[in-house]
Amino acid sequence: MNLKYDLRFPLVVAALLVVGLMTVSTAALSPRAAPGIFSKQVIGVVLAAVPVALLWWAGRDRAYRAAPYLYAGALLLQASTFVIGKEVNGQQNWIVVGPVQFQPLELLKFALILMLPVVLRNGYQGAKTYAAALAVFLPALALVVLQDFGGALVLGVMFGVMMLAARVPWWHALLAVVALGVAFPTLVYPHLEPYQQKRLTIFLDPYQEPRGAGYQVIQSTIAVGSGGVQGKGYRQGSQSHNGFLPEAHTDFAFSSWAEEQGLVGGLAVLVLYGALFWRLSGMAAESPRLQDQILFAGVLGQLGAQVLENVGAALGLLPLTGVTLPLISYGLSSLVTTLATLGLAYVVYRDRYGGGVCEPG
């Protein structure tokens with residue numbers, strides 16, 4: 001179906017937004033939640049209309065030409081967190097301006113998704129492809145990895161998926177995965193702080209510290225399991241409302257939703273994400289230019305990594321990294337930039353038959 005506009009895509013996004021607003025509205029009843037989070041989430045949806053409208057007006061080619069400037073600005077903003085950043089949950093990667101608090105990493109993800117297709121627009125051309133791509137990616141990774149391991153993980157997945165979309169030989173990717181598999185436990189893990197090591201491994205046996213590092217995982221799995229098949233009902237989640245489930249509106253938004261909507265509701269959310277990824281894949285396949293296909297791969301890499309990590313951690317299957325659940329977790333900067341990223345994908349799909357290969361501006 002090669003239509004200029006695909007209505008299925010915004011409908012799936014709208015359905016996930018409804019799930020997110022329902023989750024935040026009930027998580028707001030938790031004594032652990034800050035006042036006014038539901039109102040702020042609604043404001044986030046409204047604010048997201050600004051970058052989406054700007055992208056809609058600018059179009060694909062202008063967006064690509066603006067990529068270097070946006071990416072440079074995002075890097076500077078991320079670097080500024082080392083000087084003026086505010087520490088939240090042990091990570092000094094937030095910037096506060098008056099009543100506004102935002103995470104520059106979210107803008108950096110958006111800028112990277114826009115910038116790498118500009119660099120990789122001609123596809124794989126040997127070693128110089130890696131030189132150009134790494135010159136863009138490594139500064140971003142270096143600024144993030146020291147403060148936010150989960151954020152660095154998402155950036156890494158995005159980069160790998162976009163390189164594959166640029167037609168990098170598959171065995172190069174296999175070698176990279178093997179190298180990372182050897183380097184992380186032997187070179188990286190031993191140099192992490194003890195609390196960081198505990199955060200990465202506690203999911204294997206959370207009951208070794210049920211009142212300490214394992215508390216969040218235990219409470220999350222209890223919340224999910226107590227929902228049963230049909231759930232306790234909207235705004236009836238005792239685990240979150242009584243304060244047992246920490247971060248019910250952010251890191252454990254899926255647990256909060258599954259407690260009230262049960263197995264059926266949890267699976268429905270996964271089906272919605274599957275539909276979103278299916279449409280993004282379809283839009284990439286219907287786009288004739290490699291540059292656009294790389295951009296779609298970046299969007300899929302970011303959202304796919306976040307959904308897998310967040311839901312996996314909520315179920316006690318993956319380490320806790322503080323990665324948000326796209327369109328569902330509370331958070332202005334995460335929500336606005338995620339909607340802007342999806343808006344960018346939609347604009348690129350709309351303009352897929354126009355213009356040539358876009359050079360940086």
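This is a short talk on the salt bridges in the structure above. The model is predicted.

Start with the total. A search of the whole structure turns up ten salt bridges. I'll take three of them, then a network.

First up, Arg 8 and Asp 6. Their side chains form a salt bridge, 3.2 Å from N to O. Are these two partners buried or exposed? Arg 8 is partly exposed, because its relative accessibility is 31%, between the 20% and 50% cut-offs. Asp 6 is buried, with a relative accessible area of 4%.

Next, Asp 61 and Arg 60. Here the side chains meet at 2.9 Å, N to O, again as a salt bridge. Asp 61 has 22% relative accessibility, so Asp 61 counts as partly exposed. Arg 60 comes in at 1%, so Arg 60 counts as buried.

Now to a helix. Which residue pairs with Glu 106 in a salt bridge? The partner is Lys 109, with an N to O distance of 3.4 Å. Both residues sit in helix α3, which runs over residues 104-119. They are three residues apart, about one turn of the helix. Burial for this pair: Glu 106 is buried, and Lys 109 is buried too.

Last, the network. Which residues are joined through salt bridges that share partners? Asp 6, Arg 8, Arg 279 and Glu 286. Together they make one network.

Note on methods:
Residues numbered from 1 in each chain as written. Predicted model: local features only at pLDDT ≥ 70, side-chain atom pairs only at ≥ 80, totals over all residues. Heavy atoms only, no water. Salt bridge = Lys/Arg side-chain N within 4 Å of Asp/Glu carboxyl O. Buried < 20%, exposed > 50% of the residue type's maximum accessible area, 1.4 Å probe, protein only. Helix = DSSP H or I, 4+ residues; strand = E, 2+ residues; numbered from the N terminus.
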